[in-house]
Amino acid sequence: GDYLITADSSDWDFGTENWTIEFWIRFSGGSGASQRVINFAADTSPPLGVMIETGSDDKMVMYEYTLNSDWTKWCYDTSAYSLNTWYHYAVVREGSTFTMYRDGAEQESDGTDASSITSAHGPYIGTNREINGYLTGYMDEIRISNTARYTGASHVVPTTAFTTDANTLLLIHSNWDGGLGADSSGNANDFAVT
């Protein structure tokens, strides 16, 4: 039932630009049920929102969606996660291509989409826009960037704490002295902790 939310910001209006959402995650329960990881809420239909979650098959998936219940799955895990294991996930938009990486390896994809993403709120971390579904586990090193940080079939998984740079829109260190949910990117996208 713990989650982080922040107010709307033009930072979350990705449009058709490149971006990367990445994080470390460790599931401690909830196997066989949806786990809400990160959600950029759609407020009207359009715009498009982005949802990253797991399904009943325990595989991570990224959807674009509208409030008309139009859901499009764009990239997803090739295998289920195991409980009590840390994974690094990165979801990258490069041009019109969405790619999900798990521990540096490219996962499955469902074609391309050139649609503009203009989220009305977000991100919600550990829950969805209705705050009625949650993540059972832990997250660390949550970073959102306005660039495609990873391309190709694989990349080296980062093993040190992320540092902010000109492309960092949000950076949360779970052990940062600034407090849980404090944005260390310099963009003041701080979260309300619940």
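Reply: Start with R143, which forms a salt bridge with E22; their closest N and O atoms are 2.8 Å apart. R143 lies in strand 12 and E22 in strand 2, so the pair ties together parts that are 121 residues apart in sequence. A salt bridge here is a side-chain nitrogen of Lys or Arg within 4 Å of a carboxyl oxygen of Asp or Glu. The model is predicted: local features need pLDDT of at least 70, side-chain atom pairs count only at pLDDT 80 or more, and totals for chains, interfaces and linings use all residues. Residues are numbered from 1 along each chain as its sequence is written, and side-chain values use heavy atoms, with hydrogens and water left out.

Me: Are R143 and E22 buried or exposed?

Reply: Take the cut-offs before the values. Buried means under 20% relative accessible area, exposed over 50%, and partly exposed in between (1.4 Å probe, protein chains only). R143 has 7% relative accessibility and counts as buried. E22 is buried too, with a relative accessible area of 0%.

Me: How many salt bridges does the rule give?

Reply: The general idea first. Side chains of opposite charge can pair when their charged atoms come close. Here the count comes to 4 salt bridges. One of them joins R36 and E53, with the closest N and O atoms 2.4 Å apart. This pair links distant parts of the chain: R36 is in strand 3 (residues 35-41) and E53 in strand 4 (residues 49-54), 17 residues apart. R36 is buried at 19% relative accessible area, and E53 counts as buried at 8%.

Me: Which residue forms a salt bridge with D77?

Reply: R102 does, and the closest N and O atoms are 3.3 Å apart. D77 lies in the loop between strand 6 (71-76) and strand 7 (86-94), and R102 in strand 8 (residues 97-102), so the pair ties together parts that are 25 residues apart in sequence. D77 is buried, with a relative accessible area of 2%. R102 counts as buried at 12% relative accessibility.

Me: Now the strands. In what order do the 6 strands of the open sheet stand?

Reply: Strands of a sheet pair through backbone hydrogen bonds, either parallel or antiparallel. Two strands count as paired if DSSP finds at least two bridges between them. In this open sheet the order is 9-8-7-2-12-13, and the pairing is antiparallel. Strand 9 (105-106) and strand 13 stand at the edges, each with a single partner strand, so one side of each is left without a neighbour in the sheet.

Me: Which residues mark the pairing of strand 12 with its partners?

Reply: Strand 2 (residues 19-27) and strand 12 (residues 137-145) pair in the antiparallel sense over 7 bridges. In that pairing, E22 stands opposite R143. Recall that R143 and E22 also form a salt bridge. On to strand 13 (residues 168-172): strand 12 pairs with this strand in the antiparallel sense over 4 bridges. There I144 stands opposite L170.

Me: And what is the bridge partner of Y101 in strand 9?

Reply: E106 is the bridge partner of Y101. Strand 8 and strand 9 pair in the antiparallel sense over 2 bridges.

Me: How many helices and strands does the chain have?

Reply: Helices (H or I, at least four residues) and strands (E, at least two) are DSSP runs, numbered from the N terminus. The chain has 0 helices and 14 strands. The radius of gyration is 15 Å, close to the 16 Å that the globule rule gives for 194 residues, so the chain is as compact as a globular protein of that length. That radius is taken over C-alpha atoms, and the rule is 2.2 Å times the number of residues to the power 0.38. The C-alpha atoms fill a box of roughly 40 × 35 × 35 Å, taken along the principal axes. Of the 194 residues, 49% count as buried.

Me: Where is A41 found?

Reply: A41 is found in strand 3. This residue counts as buried at 4% relative accessibility. The C-alpha atoms of A41 and Y124 are separated by 7.9 Å, and the two residues are 83 residues apart along the chain.
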